[in-house]
Amino acid sequence: KQVLDNSQASQAQVDQALRSLQAARAGLQGKATNKSALQTEYNLKDSTQATSAYYNATSAQQSAYTSQLSAAKQVLDNQKASQAQVNQALQNLQAARAGLTGQATNKSALQTEYNLKDSTQATSAYYNAPSSQQSAYVNQLSAAKQVLDNSQASQAQVNQALQNLQAARTGLQGQATNKSALQTEYNLKDSTQATSAYYNATSAQQSAYTSQLSAAKQVLDNQKASQTQVNQALQNLQSARAGLQGKATNKSALQTEYNLKDSTQSSSAYYNATSAQQSAYTSQLSATKQVLDNQKASQAQVNQALQNLQAARAS
């Protein structure tokens with residue numbers, strides 16, 4: 001360059017500079033840059049980032065590795081990168097990968113918490129909790145299961161899932177089921193069935209009441225019955241009892257028929273009747289007297305006794 005810039009350089013100087021430059025160029029023995037080792041190391045990125053050594057490493061270690069990946073990629077993409085640059089990038093990337101010290105993910109605490117689901121859902125804290133609290137718990141159970149089933153879940157993901165599931169479980173605020181009102185209503189069964197409202201009700205009304213009594217007993221005997229189940233059973237039983245529409249038994253027609261006994265027995269129709277006919281009539285009189293004296297006789301019993309007594313007198 002000095003010779004080229006020298007306006008007074010002689011031909012001999014120019015010729016000598018040319019020979020010297022040609023000789024120096026011929027003496028350059030550098031080889032083509034070999035990036036294969038760097039490319040191989042770079043290609044380990046996906047498998048490396050799928051290991052606990054990476055995803056459980058500190059954020060600083062992860063950042064160092066991803067930074068060296070980026071730097072290596074620039075060198076790989078640089079068509080004029082020197083062997084020294086490639087070797088340095090390889091050394092840096094290998095060192096960053098070796099510096100990833102994340103440990104294997106420990107899911108034992110999360111598994112233990114998840115395994116509490118059945119016993120938790122069998123408590124009043126769960127089944128008497130508001131639906132929003134129940135939903136929050138089952139949602140966190142689902143999320144925890146996904147983390148447990150994920151072979152590449154990081155310790156941070158496991159810890160967060162554990163924290164969320166524990167919080168959802170402690171957030172279940174259901175109280176112990178109170179069955180006292182249902183028990184009180186159930187205990188009315190004997191007195192209810194001793195009233196004309198029941199024994200003079202239609203068979204459909206009676207069946208509805210006895211069915212609800214049976215359903216209420218099942219709820220009362222169920223140690224895991226929820227407050228919602230108890231409240232519903234109480235409502236159903238009260239409705240069935242209120243639906244009993246039987247009227248007071250009317251015995252007037254039967255009493256009138258029974259009062260004919262003296263006049264009937266003083267008539268020839270009676271004293272000239274066969275002994276079998278007389279026995280039938282007196283038997284029906286006795287049965288009628290029992291019905292008349294029975295404070296809990298149903299209208300059906302009264303009507304049947306009337307029909308039987310009238311038939312015996314007519315025969």
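1. Helix 6 and helix 7 cross in a left-handed sense. This is a predicted model. The two helices pack at an angle of about 160°, and their axes lie 9 Å apart. Angles over 145 degrees count as roughly antiparallel, so helix 6 runs roughly antiparallel to helix 7. From helix 6, the contact draws on Ala64, Tyr65, Gln68, Leu69, Ala72 and Val75. Helix 7 supplies Gln85, Val86, Ala89, Asn92, Leu93, Ala96 and Arg97.

2. How far apart are the end C-alpha atoms of helix 6? They are 27 Å apart. Helix 6 covers residues 59-77, which is 19 residues. At 1.5 Å a residue the span should be 27 Å, so the two values agree.

3. Which residues of helix 6 are buried? They are Gln61, Tyr65, Leu69, Ala72, Val75 and Leu76. Their arc around the axis is only 125°, which places them on the same side of helix 6. An α-helix has 3.6 residues a turn, so residues three or four places apart point the same way. The other side of helix 6 has Ser59, Ala60 and Gln74 exposed.

4. Next, the cover over helix 6. Its buried residues are covered by elements including helix 3 (36-42), helix 4 (45-49), helix 5 (52-55) and helix 7 (83-98).

5. Glu41 deserves a look. It sits in helix 3. Is Glu41 buried or exposed? Its relative accessible area is 5%. The cut-off for buried is under 20%, so Glu41 is buried. Neighbours within four places in sequence aside, Glu41 contacts Leu90, Leu93, Gln94 and Arg97.

6. Helix 21 (residues 275-293) packs against helix 22 (residues 299-314) at an angle of about 160°, with 9 Å between their axes. That makes helix 21 roughly antiparallel to helix 22. Their crossing is left-handed. Helix 21 contributes Ala280, Tyr281, Gln284, Leu285, Thr288 and Val291 to the contact. On helix 22 the residues are Gln301, Val302, Ala305, Asn308, Leu309, Ala312 and Arg313.

7. Helix 17 spans residues 227-242, 16 residues in total. From first C-alpha to last it reaches 22 Å, close to the 22 Å expected at 1.5 Å a residue. Val230, Ala233, Leu234, Leu237 and Ala240 are its buried residues. They cover an arc of only 135° around the axis, so they fall on the same side of helix 17. Thr228 and Ala242 are exposed on the other side. What covers the buried residues includes helix 13 (180-186) and helix 16 (203-221).

8. Last, Gln111. This residue is in helix 8 (residues 108-114). Its relative accessibility is 32%, so Gln111 counts as partly exposed. What separates the C-alpha atoms of Gln111 and Leu182? The distance is 40 Å, for two residues 71 apart along the chain.

Notes. Residues are numbered from 1 along each chain as its sequence is written. This is a predicted model: local features need pLDDT of at least 70, side-chain atom pairs count only at pLDDT 80 or more; totals for chains, interfaces and linings use all residues. Side-chain values use heavy atoms; hydrogens and water are left out. Helices (H or I, at least four residues) and strands (E, at least two) are DSSP runs, numbered from the N terminus. The expected span of a helix is 1.5 Å times one less than its number of residues. Buried means under 20% relative accessible area, exposed over 50%, partly exposed in between (1.4 Å probe, protein chains only). The arc is that of the directions from the helix axis to the C-beta atoms. Contact means heavy atoms within 4.5 Å. Axes are lines fitted to C-alpha atoms, for helices over the stretch in contact, and angles run from 0 to 180 degrees between N-to-C directions. Angles under 35 degrees count as roughly parallel, over 145 as roughly antiparallel, 65 to 115 as roughly perpendicular and the rest as oblique. A crossing is left-handed if the near helix is turned anticlockwise from the far one by less than a right angle, and right-handed if clockwise.
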